[in-house]
Amino acid sequence: MSAKSLNPSGIGPIVSSAHLAEGALPALSEFEFGLILASHAFHRWMMRCIAAAGVPDLSALDVLILHTVNHRGRAKRLADICLVLSIEETHLVSYGVKKLQGAGLVTSGRAGKEKTVEITGKGRDICKKYREIRDKLLIGPLSTTTLDREQLSEIAAMMRALSGHYDQAARAAASL
């Protein structure tokens, strides 16, 4: 699918900051605007889906932490959760874990000197309910579209690669 088919008007790239698109790579500004819209929509989705699953008042980050802790059914170290989710501010994950503990979705323990977090039965049940709602409200309707699964995987790989470039640019900007 070409960018032109998504913007048939031919009036130029669809961006949020035209002054940034005036540079050498306007397509990156298009990507960034799409990323902004997608990330906000994804965060809204996660918060509403987890509320529908029975746990209101969780942030998008709390939901990500819950799913990460549930992943493969093994206890996770806080450092590993931060690494997987690419979060530098450990206190944000610690706060999210406390909220999830308060809701009875995770428990904490220790592996040596390190704090670990593990899913509870209630947490597993909520993750299962979340998946069922996701299957019904998101996967089901998407399955009836012309969504190309291979292309979706390619986009995901490209986004992971671009995230590395953004991380490197962030490190460089921090040293200016």
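1. Contact, as used in this note, means heavy atoms within 4.5 Å. On that basis V93 touches I65, L78, I81, C82 and I87, residues up to four places away in sequence not being counted.

2. The structure is a predicted model, in which local features need pLDDT of at least 70 and side-chain atom pairs count only at pLDDT 80 or more, while totals for chains, interfaces and linings use all residues. Residues are numbered from 1 along each chain as its sequence is written, and side-chain values use heavy atoms, with hydrogens and water left out.

3. Helices (H or I, at least four residues) and strands (E, at least two) are DSSP runs, numbered from the N terminus.

4. The next points concern charged pairs. Side chains of opposite charge can pair when their charged atoms come close. A salt bridge is here a side-chain nitrogen of Lys or Arg within 4 Å of a carboxyl oxygen of Asp or Glu, and a search of the whole structure finds four of them.

5. One of these joins D62 to K99, with the closest N and O atoms 2.6 Å apart. The pair links distant parts of the chain, since D62 is in helix α4 (residues 60-70) and K99 is in helix α6 (residues 90-102), 37 residues apart. D62 counts as buried, at 3% relative accessibility, whereas K99 is partly exposed, with a relative accessible area of 25%. Buried means under 20% relative accessible area, exposed over 50%, and partly exposed in between (1.4 Å probe, protein chains only).

6. D57 is found in the loop between α3 (26-52) and α4 and counts as exposed, at 70% relative accessibility. The C-alpha atoms of D57 and K99 are separated by 9.6 Å, although the two residues are 42 apart along the chain.

7. A second salt bridge brings together the side chains of D80 and R77 (2.7 Å, N to O). D80 is partly exposed, with a relative accessible area of 27%, and R77 is likewise partly exposed, at 29%. A network of salt bridges links R77, D80 and E114.

8. In helix α7, K128 and E132 lie four residues apart, about one turn of the helix. Their salt bridge has its closest N and O atoms 4.0 Å apart. K128 counts as partly exposed at 45% relative accessibility, and E132 counts as partly exposed at 38%.

9. Helix α7 (residues 121-143) also gives the most to a nonpolar surface patch, with three residues. The patch, of about 360 Å², is made by L138, I139, L142, L147 and L152. Patches are made of residues with over 30% relative accessible area and no salt bridge, like charges being joined within 9 Å and nonpolar side chains (Val, Leu, Ile, Met, Phe, Trp, Tyr) within 5 Å. Accessible areas come from the Shrake-Rupley method with a 1.4 Å probe, and for residues only the protein chains shown count as cover. L142 is found in helix α7 and is partly exposed, with a relative accessible area of 36%.
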